[in-house]
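Reader: I am new to reading structures. Could we go through this one by question and answer?

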Amino acid sequence: MNRQNDLIKNLDWLSIFFYVLLVFMGWLNIYAAVYDDNHSNILDISQKYGKQLIWIGASFVLGFFILLTDSKFFTAFSFIIYGLLIALLVSVLLFGREVHGARSWFELGGVRLQPAEFAKFATALAIANVMSRHGFKMMRFSSLLQVGLLLFIPAALIIFQNDTGSALVYSSFLLVMYREGLHGSILLLFFITVILFIFTLLYSPLTVLIIIIGSTLVAFLYYRQNKYELYRIVIFLAGCIVFFLFVRWLFALTIPDERILLYSYLLMNLFGIYFIYKRKMRHILLVMLASWLCIGATITVDYAFDKLQPHQKDRINNLLGIESDLTGAGYNVNQSKIAIGSGGFSGKGFLQGTQTKFNFVPEQSTDFIFCTVGEEWGFIGSTVVILLFLAFILRIITLAERQRSDFSRVYGYSVACILFFHVAINVGMTIGIAPVIGIPLPFFSYGGSSLWAFTLLIFIFLRLDANRLQVFS
């Protein structure tokens with residue numbers, strides 16, 4: 001009885017309130033998205049909203065049993081849980097059912113389960129176990145290798161299932177690693193890689209090369225804070241360009257302009273290395289090495305882009321405005337923006353959404369459920385939903401920071417980062433600022449796998465938080 005009283009006393013009821021509220025709002029939106037006058041009963045289990053109610057009830061039961069579980073169970077069996085989920089990911093490749101081109105579902109008696117959703121909480125447990133071990137140092141190669149393998153294995157298996165969107169969720173663990181000591185330059189390099197990928201697709205190689213070289217010069221000025229040295233470097237670079245232009249004219253060489261700029265820059269770097277070591281300006285050398293990596297990365301963009309599947313290329317091209325196919329690859333996003341925009345400031349009202357009611361928006365009860373929020377609740381309702389998610393994520397971060405256990409803190413940040421990634425990408429793709437990668441909006445999208453997976457994520461952390469005064473090994 002004392003343990004039960006302590007559990008009730010120590011539970012974070014505010015987080016449970018956010019969870020229940022978001023689940024209830026999600027259920028109402030599923031009802032609105034697939035509403036049918038012939039099946040107007042919200043409890044009709046033959047319809048999606050009736051089935052979702054069963055999933056919700058089962059989720060509440062699941063959450064209750066997690067809270068009754070000894071919190072030490074999750075630390076002791078974290079790798080076993082991770083191993084079981086990896087086995088399921090392998091099994092679904094062999095025996096799973098293919099849905100929308102992805103072989104990522106088990107189907108039993110008309111009920112589908114997606115192991116990729118559950119692999120997220122299992123990976124979070126395994127990562128928390130490794131990072132909380134004595135002697136773990138984030139910037140140590142062996143530590144990075146361990147964490148990298150734990151992330152790579154499930155992500156690779158999910159990619160083999162042709163579910164790239166779910167695999168991309170694992171990139172959110174970079175934020176967890178940053179909180180635990182990963183150097184900011186590595187995180188910055190990740191974002192620079194994404195930006196370079198976009199710029200290389202949008203602009204000519206010469207423009208991208210100018211951006212890289214210009215950024216390098218700015219970084220040099222930041223480190224040295226000596227504009228006269230910067231002027232000399234720019235003059236020297238200009239001299240190198242003139243030299244290559246002269247060589248091209250003299251020998252009638254067909255060297256593209258971007259190659260001339262690249263050769264000039266590399267020549268300048270070669271001359272600069274001597275002075276860098278002479279003056280012990282090794283931080284400048286790091287800037288130069290970073291710029292070389294960026295230049296090398298741009299060369300591989302075309303190769304990487306060609307390896308994508310046709311529908312993935314079309315989605316990226318439509319997102320970046322390279323192509324415009326409103327009846328093909330861009331149809332979903334275009335209809336989504338029409339639905340959200342038609343809601344105006346206050347929305348059309350509950351069950352009054354015409355774009356969603358008449359099925360103009362594909363997947364409106366799953367990946368594009370936010371369209372129903374925008375159309376029926378308008379800007380006000382959309383803002384409320386986003387603020388609720390933000391408040392929930394910030395609450396989880398606050399709870400994570402008060403943990404005495406490294407395991408609980410790392411796991412709490414994993415929960416927050418996974419939630420953030422799902423919300424940011426899902427909402428972003430419905431309004432056309434993020435690629436369509438097919439991941440659900442937590443607690444809103446129809447489906448038991450997603451709801452159960454997020455229930456496990458959150459309630460395991462709440463159980464760990466309830467025992468926060470106990471330090472785990």
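**Charged side chains and rings**

Author: The model is predicted. To begin, the side chains of Arg179 and Glu180 form a salt bridge, with 3.9 Å from N to O.

Reader: Is Glu180 buried or exposed?

Author: The cut-off for buried is a relative accessible area under 20%. Glu180 has a relative accessible area of 18%. Glu180 is therefore buried.

Reader: How many residues apart in sequence are the parts tied together by the pair of Glu401 and Arg179?

Author: The side chains of Glu401 and Arg179 meet in a salt bridge of 2.9 Å, N to O. Glu401 lies in helix α18 and Arg179 in helix α9 (residues 173-179), so the pair ties together parts whose separation in sequence is 222 residues.

Reader: Which residues are linked in a network of salt bridges with Arg179?

Author: Side chains of opposite charge can pair when their charged atoms come close. Arg179 meets Glu180 in a salt bridge, and Glu401 also meets Arg179 in one. The network links Arg179 with Glu180, Glu401, Asp406 and Arg409.

Reader: Where is Arg409, and what is the length of the polar contact that joins its side chain to that of Asp406?

Author: Arg409 is in helix α19 (residues 406-430). Its relative accessible area is 14%, so Arg409 is buried. The polar contact between the side chains of Arg409 and Asp406 is 2.9 Å.

Reader: Leaving aside neighbours within four places in sequence, which residues is Arg409 in contact with?

Author: Two of them, Arg179 and Glu180, belong to the salt-bridge network together with Arg409. With neighbours within four places in sequence left aside, Arg409 is in contact with Arg179, Glu180, Ala400 and Gln403.

Reader: Which strands hold Glu107 and Arg97?

Author: The side chains of these two residues, Glu107 and Arg97, meet in a salt bridge of 2.2 Å, N to O. The pair links distant parts of the chain, 10 residues apart: Glu107 is in strand β2 (residues 102-108) and Arg97 in strand β1 (residues 97-99).

Reader: How many salt bridges does the count come to?

Author: Glu107 and Arg97 form one of them, and Glu401 and Arg179 form another. The count comes to 11 salt bridges.

Reader: Now the rings. Why are Phe345 and Phe379 called stacked?

Author: A pair of aromatic rings is described by the distance of the centres and the angle of the planes. Rings pair if their centres lie within 6.5 Å, and planes under 30 degrees apart count as stacked. Phe345 and Phe379 are 6.0 Å apart centre to centre with 20 degrees between the planes, so the pair is stacked.

Reader: Are Phe345 and Phe379 buried or exposed?

Author: The cut-off for exposed is over 50% relative accessible area. Phe345 has 56% and Phe379 has 52%. Therefore Phe345 is exposed, and Phe379 is exposed.

Reader: How many aromatic pairs does the structure hold?

Author: Phe345 and Phe379 form an aromatic pair. Ring pairs also link residues into a cluster, including Phe17, Phe18 and Tyr19. The structure holds 20 aromatic pairs.

Key:
Residues are numbered from 1 along each chain as its sequence is written. This is a predicted model: local features need pLDDT of at least 70, side-chain atom pairs count only at pLDDT 80 or more; totals for chains, interfaces and linings use all residues. Side-chain values use heavy atoms; hydrogens and water are left out. Rings of Phe, Tyr and Trp (its six-membered ring) pair if their centres lie within 6.5 Å; planes under 30 degrees apart count as stacked, over 60 as edge-to-face and the rest as tilted. Buried means under 20% relative accessible area, exposed over 50%, partly exposed in between (1.4 Å probe, protein chains only). Helices (H or I, at least four residues) and strands (E, at least two) are DSSP runs, numbered from the N terminus. A polar contact is a pair of N or O atoms within 3.5 Å; within protein, one must be able to donate a hydrogen and the other to accept it, and residues adjacent in sequence count only if both atoms are side-chain atoms. Contact means heavy atoms within 4.5 Å. A salt bridge is a side-chain nitrogen of Lys or Arg within 4 Å of a carboxyl oxygen of Asp or Glu.
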